[in-house]
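Opening the notebook on this one. I'll jot down what I looked up, topic by topic.

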Amino acid sequence: MYSVRLWAARHARLFELTYRAFEPVIVKLHPLWKSVGYQRAERPMGKLEKLGKGLLFDCQMCGQCILSSTGMSCSMNCPKTMRNGPCGGVMQNGNCEVYPEKRCVWVEAWEGSRKMKEGDAIQVVQLPVDHRLKGSSSWLRVARGASDQQAGHEEASQ
């Protein structure tokens with residue numbers, strides 16, 4: 001998994017483009033998610049998301065995915081689960097102080113973000129992880145959030 005994770009960060013631009021094409025599809029499926037029920041869709045979508053993102057990014061399924069902001073490097077792979085940058089224990093060679101044989105997740109994230117069109121998103125401070133969402137689908141959360149936001153814009157324009 002580790003070598004695939006490094007490969008994914010090195011090809012962050014490709015995955016950014018793929019996600020930019022994929023996200024609108026998930027959002028447009030909101031009527032389906034709503035008719036099935038988000039709670040009922042959660043289990044199969046969570047499994048699908050875990051399979052795909054787990055294989056490519058060693059995703060830890062925090063439920064609040066920020067891969068597109070962290071150079072396609074899952075910040076939850078940090079042994080200290082640092083959400084907004086490295087801990088300060090990064091070795092001079094860019095490796096982790098906890099696992100000296102591995103690169104720091106945030107070094108990977110920075111290098112990946114430099115390859116992305118919207119790479120400056122890494123500088124946006126993220127909210128702390130809500131551990132109650134662990135294991136849930138961030139894709140469904142994005143779809144629901146986008147539809148709620150769209151509904152809010154429609155109400156405001158009336």
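At what angle do helix α1 and helix α5 pack, and how far apart are their axes? I get about 30 degrees for α1 (residues 2-10) against α5 (residues 105-113), with the axes 9 Å apart. That makes the pair roughly parallel (angles under 35 degrees count as such). My axes are lines fitted to C-alpha atoms over the stretch in contact, and angles run from 0 to 180 degrees between N-to-C directions. Helices are DSSP runs of H or I, at least four residues, numbered from the N terminus.

Ground rules: this is a predicted model, so local features need pLDDT of at least 70 and side-chain atom pairs pLDDT 80 or more, while totals for chains, interfaces and linings use all residues. Numbering starts from 1 along each chain as its sequence is written, and side-chain values use heavy atoms, without hydrogens and water.

Next, the contact (heavy atoms within 4.5 Å). From α1 I listed Tyr2, Arg5, Leu6 and Ala9, which meet Val105, Glu108 and Gly112 of α5. The contact splits into 4 nonpolar, 1 polar and 2 charged residues; Tyr and Ala count as nonpolar, Glu and Arg as charged, Gly as polar.

Then I checked for disulfides (cysteine sulfur atoms within 2.5 Å) and counted 0. Cysteine 62 has its closest cysteine sulfur in cysteine 74, at 6.1 Å, too far for a bond. Cysteine 62 is also buried at 10% relative accessible area (buried means under 20%, with a 1.4 Å probe and protein chains only).

Last, confidence: mean pLDDT (scale 0 to 100) is 93, and 95% of residues reach 70 or more.

Key. Helices (H or I, at least four residues) and strands (E, at least two) are DSSP runs, numbered from the N terminus. Angles under 35 degrees count as roughly parallel, over 145 as roughly antiparallel, 65 to 115 as roughly perpendicular and the rest as oblique. Buried means under 20% relative accessible area, exposed over 50%, partly exposed in between (1.4 Å probe, protein chains only). pLDDT is the predictor's confidence in each residue, from 0 to 100.
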